[in-house]
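Colleague: Hello! I am new to this structure and would like to learn how to read it. Could we go through it together?

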Amino acid sequence: MASRAHPNRLGIRGWVGGGRWGFERYLYTLHRITGLGLLAYFLMHIFVTSTRVLGPASWKQAMDAVSGPLFAVGEYLVFAAFAFHAVNGVRLALIEHGFLIGPPIEPIYPYATSVGRQRPLAVAVMIVAGVIALWGGLDFLTLR
Amino acid sequence: MADARPRTVTFRVRRFEPGRDERPRWEDHRVEVTPGMTVLDGLWKVKEQSAPSLAWRSSCRMGICGSCGMLIDGRPRLACNTQVAELGSEVVAVGPLPNFDIVKDLVPDLRPMFETHRDLRPYLLRDDTEEQDDPTREYWQSPHELEEYLQFSYCIKCGCCMAACPTVATDPHYAGPMPLAQAQRYDSDSRDAGFGERREVLSGGDGPWRCHFAGECSQVCPKGVDPAKAIQLMKRDLVFDLLRLRRRKPPAAVAEAPHGLPREGIPPAPPRTVPEG
């Protein structure tokens, strides 16, 4: 018998529907977005540098095309995305192998969770990523 | 002087009648709030006073059966475990758990979750089928071994974790927090020998490796089960097993008969109530 139930899967809204939810959910979403951004940059980077095989003129033309202020800001965003993705990746690698989340415990209300247990690490990740991004920003400003 | 008028709130309830409605719609009902009133109590009032056809699942009214999981003010919770006063809003929005199809109004179709749960064989897997069918004694287990899985055994299968998980939201093939946590509950049980069998199911792309610790399942779990922890511990076990670093022990044996203890004063066991054979 065909189901007459109505589909109710949140889809992509489930990533960003974090208005009243946890901090780690934002990190999860940001990690995915920065990952996709880095992938897009990587593909573009391969395309631009591959013009070198067509000769110096093509290379210069390609480099001129990506030298405007918009691309400078874009490059900085790539760097900031890299800073977050790398540092948060270390956090995830540790947690996803069962470290820093503690052993199973007796659930006594108010419940302590693995999310709370690793929260200091999550905060530290944001601080370290922020410092790296800031340092990179100063570097970008002084170089240009 | 305090306002003596009874406080009322609006219950904004998601309605869907299969065969009649094209898509779910919101419906508002004014409800008088009494001290200690739960969202489930409020739904009963709505049903009694203005919407007799309103449908939902509920049973025990004390957070044990796991039937009344709903999306309450944007967060998956048990309706019987959530007091209207604690929400602190004038409008209480109640919808069915997301990431499950809607059967009617607030009733989600939980079958996909339970089918995955069944596929992961949530019971003790052992070779001694005769002993399991007709037990002679309990399997021996230390308190420390019990603690390895006890937290995960409190799961009431309400589906709140599945509704909160952002990966389940976009990936219908992902096993999800509840079935995975329950697989870990048995994998970490010293009486179980089914790790290898479950690993075959879990090692695919729809298993624990799809989880990236958004942590929402653990935040919303009404029983403190912490499915996110169970899934990360499962991943560690799978990696350690691959690297041959996981301790492999035979499943716990049947406990020996007590000896050296005084038996005086302990009455004999009552006769069997189920016929043998």
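**Reading the model together**

Modeller: Let us start with one pair of residues: B:Arg12 stands opposite B:Ala93 in S5(B). Please keep in mind that this is a predicted model.

Colleague: Which strands of chain B pair in the parallel sense, and over how many bridges?

Modeller: Strand S1 (residues 8-15) and strand S5 (residues 91-95), both of chain B, are parallel partners joined by four bridges. S5(B) also pairs with strand S3 (residues 69-72) of chain B, here in the antiparallel sense, through two bridges. On that side, B:Ile72 is the residue facing B:Val94 of S5(B).

Colleague: What do the side chains do along a regular strand?

Modeller: As a general idea, they alternate between the two faces of the sheet.

Colleague: Now to the loops. Where does B:Asp21 lie, and is B:Asp21 buried or exposed?

Modeller: B:Asp21 sits in the loop that links S1 to strand S2 (25-32) of chain B. B:Asp21 counts as buried because its relative accessibility is 15%, and the cut-off for buried is under 20%.

Colleague: Which partners does the side chain of B:Asp21 have?

Modeller: One of its polar atoms lies 2.8 Å from the backbone nitrogen of B:Glu17. The side chain of B:Asp21 also makes a polar contact, at 3.3 Å, with the side chain of B:Arg25. If you set aside neighbours within four places in sequence, B:Asp21 is in contact with B:Arg15 and B:Phe16.

Colleague: Which residues have a positive phi although they are not glycine?

Modeller: Among them is B:Arg61, with a phi of about 65°, in the loop between helix H1 (39-49) and S3 of chain B. Another is B:Asp226, where phi is about 60°. B:Asp226 belongs to the loop between helix H10 (216-220) and helix H11 (227-242) of chain B. With 0% relative accessibility, B:Asp226 counts as buried.

Colleague: And in chain A, where is there a cis peptide bond?

Modeller: Look at the bond from A:Tyr109 to A:Pro110, which is cis with omega near -5°. A:Pro110 is found in the loop between H4 and H5 of chain A.

Colleague: Let us turn to the place where the chains meet. How is the size of an interface often given?

Modeller: It is often given as the accessible area lost when the parts come together. Here chain A and chain B bury about 3,900 Å² between them, with 55% of it on carbon and sulfur atoms. In chain A, the residues that lose the most area to chain B are A:His6, A:Arg9 and A:Glu96, which together make up 18% of what that side buries. The contact draws on 39 residues of chain A and 55 residues of chain B.

Colleague: How many salt bridges and polar contacts are there between chain A and chain B?

Modeller: There are two salt bridges between chain A and chain B. One of them joins the side chains of A:Glu96 and B:Lys235, at 2.9 Å from N to O.

Colleague: Which elements of chain A give two or more residues to the side that touches chain B?

Modeller: They are helix H1 (13-16), helix H2 (23-50), helix H4 (69-95) and helix H5 (114-117) of chain A. H2(A) gives the most, with four residues. By class, this side of chain A has 18 nonpolar, 11 polar and 10 charged residues.

Notes: Residues numbered from 1 in each chain as written. Chains lettered and ligands numbered in written order. Predicted model: local features only at pLDDT ≥ 70, side-chain atom pairs only at ≥ 80, totals over all residues. Heavy atoms only, no water. Contact = heavy atoms within 4.5 Å. Buried area = accessible area lost by both parts, 1.4 Å probe. Salt bridge = Lys/Arg side-chain N within 4 Å of Asp/Glu carboxyl O. Nonpolar A, V, L, I, M, F, W, Y, C, P; charged D, E, K, R; others polar. Pairing = 2+ DSSP bridges. Buried < 20%, exposed > 50% of the residue type's maximum accessible area, 1.4 Å probe, protein only. Polar contact = N/O pair within 3.5 Å; in protein donor to acceptor, adjacent residues only side chain to side chain.
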